[in-house]
Amino acid sequence: MKTLLCSFICCLLFFDANAKDGYGLWLDYSPVENPQLKTQIDQLFSGFFFFGESPTYDVIRKELDIAGQKMLGKTPIYSKERLAQTKVWLGTREQLSQVLGLQQQADIRELGEDGFWMGPIDFQGKTYFTIVGNRPIGVLYGVFDWLKTIQTGAFDPRLQKSDSPKVTLRMLNHWDNLDRTVERGYAGFSIWDWHRLPGYIDPRYIDYARANASIGINAVSLTNVNANARILTTDFMKKAKVLADIFRPYGIKVFLTARFSAPIEIGGLKTADPLDPEVITFWKNKTDEMYSFIPDFGGYLVKANSEGQPGPHEYQRNHAEGANVLADALAPHGGILIWRAFVYSHELDEDRHKHANLEFEPLDGKFRENVIIQVKNGAIDFMPREPFHPLFGAVKSTNLGIEFQITQEYLGQATQLVFLAPMWEEVLHSKTYRPTPASTVAGIIDGSDSGKKLTLMAGVSNIGTDRNWTGHLFGQANWYAFGRQAWDHSLTSAQIADEWTKMAFGQKPEVLSKINQILLGSHEAAVNYMMPLGLHHIMGWDHHYGPGPWVTGGRPDWTALYYHQADSMGIGFDRTASGSDALGQYAPELVNAYADPNQIPEKYLLWFHHLPWDFELKSGKTLWEEIGLHYDQGVKTARKMQESWSSLESEIDPERFDHVRQLLAVQVSEAEWWRNSCLLYFQTFAKRPFPGEIEQPEGDLEYYKSLRFPTAPGIRPRW
């Protein structure tokens, strides 16, 4: 019995040491197989020299230790002498000023605080591969970039590279509650163990920081925007301080969500009126206390007067007055106030699409300089596809940041493989025509069009306690893609997919080609089998899992019928001048193009138009036929994804292969569910046969409508 037990334990240890379960993310550092590259890297790992000391240099050494052991099976050698046996120099521009030319120093200075340069430097007859930043954090970014070139087989010791981020704040927003549930989280519980903090530090916190730093993320908001005021109490400040101390060497600042009613809930006041002197004093004192624990605290993120959250409207104050009281408290410390523009009120009898502009356009220029208005990529709510939010281009004097959703609330949650980079790329490259005819959303976000220096790209996290971090293994690609696009929005989705696939699965041509095809086709597939041609907000009620075009009851703007408006005459939401005129919030160039249903890009057709079922599209098909073809094409693409992955069984390690295989089977089933239920439902209005060339929808509509999902993740249990 004892022998069997020992053998079992040994098997477990062996399995754990060799299994690829996704925990390592894109930092798994697979062994270098190319002989020439391995020789080059082996030589470089034989002599590192740091031009100085700092906590960030310490974490660089730890990263090099991990990479060296995994890629080469060796521990890096660190030299104490600059000119001894060193091969790689690392340091800041100032630290290397004696070996850098004046023009080179000037060029590196132009890269800004987070920028870096890498390449060969010839000095006294020897060549040193050198990574230089304006700060140690820039050196860290450069090291991660260098390690990426090794992982992807792109390293060339002769080439020079300089790089810097286009956006100042590259932030993850965690919607994590203090009880460790995660709103719209599909990867387990929150990784923040508030109960055991500050005494116990989970090693995962360090791996989380490593992963974020490797893709340039430099800010995290730890808590849900539906905030709990207790996070601002002294006890929780002590806990947050531990995380801030861990993240600091990785260049990551901590932000916290502030509940607008905190002066009442934890301050003992009778009001949270932002103009009340006692409230002003509360926020000043509370913020001063925060900085006593976290000297580099990033600031607050606030959701106010939205979906039941308290805000300034309770006191007949506007959003600028509400935001400025917190901004003033943060300003002496260099802190930033991020105020979400996701506001809509059931008292306002207007298309929900219009609410944010109606609230914020009149306040343009009235917010403090350290306030950023965080605007969702679209005006409704992270739909599978949305036109860009009309605030981009409409607001000129206020800092605007963009908010994407990495967690797949409306895109299959963690049961579906949907690569989100193409969706974000589409939004970022959209032309706003304001403030200039050539302006884009990206240009407004990064300041090149808006002229703003305080810039932000935020992503709602998809991270949890699941061993692979993101629930679905391929959810990691979305975390990675967000960081890369926040750093450089000019990168294409194909470039990002190629990077991630090589780091996660290696460089075998067949594996690389098929996985990249799966990634790059997955978003359009999901749009097709969920909400094609501009349909939106037709998912299940509350949990948002699966289709629900029949959802009614409660607030109209929480129902599907409010958005698709299907009837015997047709389908779609008329947002032109003859309808809600939400289209009028965009620039005239877009109004002119989108007002005509024959000219608008068909991917937005039903977003802006209510059209007859027999309306003819560019394909020559009727609207009813085209809806059916899109739904069916989505299912067929999902099946092709499944087939393509199955063909890689001999090339992918068993654990990850089977994980994705099972979930792709679920995805195909869910795609069929979406297609069948939506087409059966819409047919009750269209009164037309399904197109003959599609796979005919199966099932009973009443059965689909009867389905309930009380255990669906992403919301607190309510049974």
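I take contact to mean heavy atoms within 4.5 Å. The model I am reading is predicted, so I note that local features need pLDDT of at least 70, that side-chain atom pairs count only at pLDDT 80 or more, and that totals for chains, interfaces and linings use all residues. Residues are numbered from 1 along each chain as its sequence is written, and side-chain values use heavy atoms, with hydrogens and water left out.

I began with Ser 306, which, setting aside residues up to four places away in sequence, touches Phe 342 and Val 343. For secondary structure I use DSSP runs numbered from the N terminus, with helices as H or I of at least four residues and strands as E of at least two; on that basis Ser 306 sits in the loop between strand 9 (299-302) and helix 10 (319-330). I call a residue buried under 20% relative accessible area, exposed over 50% and partly exposed in between, with a 1.4 Å probe and protein chains only. Ser 306 counts as buried because its relative accessibility is 1%. I list polar contacts as pairs of N or O atoms within 3.5 Å, where within protein one must be able to donate a hydrogen and the other to accept it, and where residues adjacent in sequence count only if both atoms are side-chain atoms. The side chain of Ser 306 reaches the backbone oxygen of Phe 342 at 2.6 Å.

I then looked up Asn 357, which is in helix 11 (residues 355-360) and counts as buried at 1% relative accessibility. Its side chain reaches the backbone nitrogen of Leu 391 at 3.4 Å, and Leu 391 is also among the residues that Asn 357 touches, together with Pro 362, His 389, Pro 390, Ala 394 and Gln 585, not counting residues up to four places away in sequence.

**Entry: nonpolar cores**

I define a nonpolar core as a set of buried Ala, Val, Leu, Ile, Met, Phe, Trp, Tyr and Cys residues joined through side-chain atoms within 4.5 Å. The largest such core has 223 residues, and those with the most contacts inside it are Trp 146, Phe 247, Trp 479, Trp 645 and Phe 682. Helix 22 (residues 654-686) gives the largest share of this core, 13 residues. A second, separate core of 12 residues includes Phe 49, Ile 108, Trp 117 and Val 132.

In helix 22 I also checked Phe 657, which is buried at 5% relative accessibility. Leaving out residues up to four places away in sequence, Phe 657 touches Trp 645, Ser 646, Leu 648, Glu 649 and Ile 652.

I count two strands as paired if DSSP finds at least two bridges between them. Strand 1 (residues 48-50) and strand 2 run parallel and are joined by 3 bridges, with Trp 89 in strand 2 as the bridge partner of Phe 49. Strand 2 (residues 88-92) is largely enclosed by the rest of the structure, because 5 of its 5 residues are buried. Val 88, Leu 90 and Thr 92 point one way from this strand, while Trp 89 and Gly 91 point the other way.

Strand 1 and strand 2 are among the elements that cover the buried residues of helix 3, as are helix 2 (35-44), helix 5 (136-151) and helix 6 (203-214). Expected helix span is 1.5 Å times one less than the number of residues; the 18 residues of helix 3 (residues 55-72) should therefore span 26 Å, and the end C-alpha atoms, 25 Å apart, agree with this. Just after helix 3, Gly 73 takes a positive phi of about 70°.

**Entry: backbone details**

I found a cis peptide bond from Leu 197 to Pro 198, with omega near 5°, and another cis bond from Arg 434 to Pro 435, with omega near 10°. Pro 198 is in the loop between strand 6 (169-173) and helix 6, whereas Pro 435 is in the loop between helix 13 (421-428) and helix 14 (441-446).

Gln 124, although not a glycine, has a positive phi of about 50°, and it is exposed, with a relative accessible area of 62%. Phe 382, also not a glycine, has a positive phi of about 55°, but it is buried, with a relative accessible area of 4%.
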